[in-house]
Amino acid sequence: MASEKRILIVEDEEHIRKFVKINLEREGFLVEEAASGEEGLSIAENKKIDVVVLDIMLPGIDGFEVCKILRKNYPTIGIIMLTAKSQDIDKIMGLEYGTDDYMVKPFNPIELVLRVKSLLRRIYYNKDEDENTIIEGPFKMDKYSRKFYKDGKEIELTPTEYSIIKLFIENPGKAFSRDEILNMVWGYDFMGDSKIVDVNVRRLRSKIEEDASNPQYIETVWGVGYRWRDKN
Ligand code: CA
């Protein structure tokens, strides 16, 4: 799988870029490099990019702005943000950016490669699965095209949001803990930050619920996590 996948690194610090590139290429990925957000966006426009590793501190437009533009133009692209500051994490986790994952500098490149692979599984894992369509109340999930509809209208989901909703909708009524969701969606033992689950659920609710503050589909299980409503 790795061989045809193209990863774009947007980072102005050349040594970090090279270091990430070497580690990704060793795993068989195609790697594109950009030293600014503008350059990154122009590469994304001209080449099919699967995952973007995006630094926040960039000359010109910053990583947050780049993230917003990428999400708007390519809703299903994978985005992993790099940050040097712990106070950026709350912003990364903000509803408007739709980040799939993030890493705090300095990071272990092997861990970054694991996260890229895990994100690619979220993007591609069900391509050879059954082609069933799931109908659930007003929702329709087309597993082959990975599209999701409410009342016949498509709702654009990030790869991570799609994986979460697939987990829920295939297991109605089952309560999942945040750690279970981390393991099943992110696909490895994520080191502890279950806030990424909460923020993705919040974003999903704002996309699929009539009233996100009074959810009818994704219910909170107090002290545990979340579950999709039980039809009965
Ligand atoms: Ca930088």
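Predicted model: local features only at pLDDT ≥ 70, side-chain atom pairs only at ≥ 80, totals over all residues.
Proline 106 is found in the loop between β5 (101-104) and α5 (109-124). A cis peptide bond joins this proline to lysine 105, with omega at about -5°.

**Two domains**

The protein chain is divided into domain 1, which covers 6-124, and domain 2, which covers 133-228. Their C-alpha centres lie 23 Å apart. Across the boundary, 21 residues of domain 1 are in contact with 19 residues of domain 2. The two domains bury about 1,700 Å² between them, and 53% of this area is on carbon and sulfur atoms. On the side of domain 1, the residues that lose the most area to domain 2 are Met93, Leu95 and Arg122, which together account for 38% of what that side buries.

**The calcium ion**

Which protein atoms are the donors of the calcium ion? They are supplied by Glu11 (OE), Asp12 (OD), Asp55 (OD) and Met57 (O), and they lie 2.1 to 2.6 Å from the ion. Along the chain these donors follow the spacing E-D-x42-D-x1-M. Glutamate 11 lies in the loop between β1 (6-10) and α1 (14-26), whereas aspartate 55 belongs to strand β3 (residues 51-55), so the pair ties together parts that are 44 residues apart in sequence. Glutamate 11 and aspartate 55 are both buried.

**Parallel strands β1 and β2**

Strands of a sheet pair through backbone hydrogen bonds, in either a parallel or an antiparallel manner. Strands β1 and β2 run parallel and are joined by five bridges. Within this pair, isoleucine 9 stands opposite glutamate 33 in β2. To pass from β1 to β2 the chain crosses through α1, and this β-α-β crossover is right-handed. Is strand β2 largely enclosed or largely open, and why? Four of the five residues of β2 (residues 30-34) are buried, so the strand is largely enclosed by the rest of the structure.

**The antiparallel sheet**

Another group of four strands forms an open sheet in the order β6-β7-β8-β9, with antiparallel pairing. Its edge strands are β6 (133-136) and β9, each of which pairs on one side only. Between β7 and β8, which run antiparallel, there are four bridges. Phenylalanine 139 stands opposite lysine 150 in β8.

Conventions: Residues numbered from 1 in each chain as written. Heavy atoms only, no water. Donors = N, O, S within 2.8 Å, 3.2 Å for Na, K, Ca; no water. Helix = DSSP H or I, 4+ residues; strand = E, 2+ residues; numbered from the N terminus. Buried < 20%, exposed > 50% of the residue type's maximum accessible area, 1.4 Å probe, protein only. Pairing = 2+ DSSP bridges. Right-handed = clockwise from strand over helix to strand, strands pointing away. Domains from an automatic or database assignment. Contact = heavy atoms within 4.5 Å. Buried area = accessible area lost by both parts, 1.4 Å probe.
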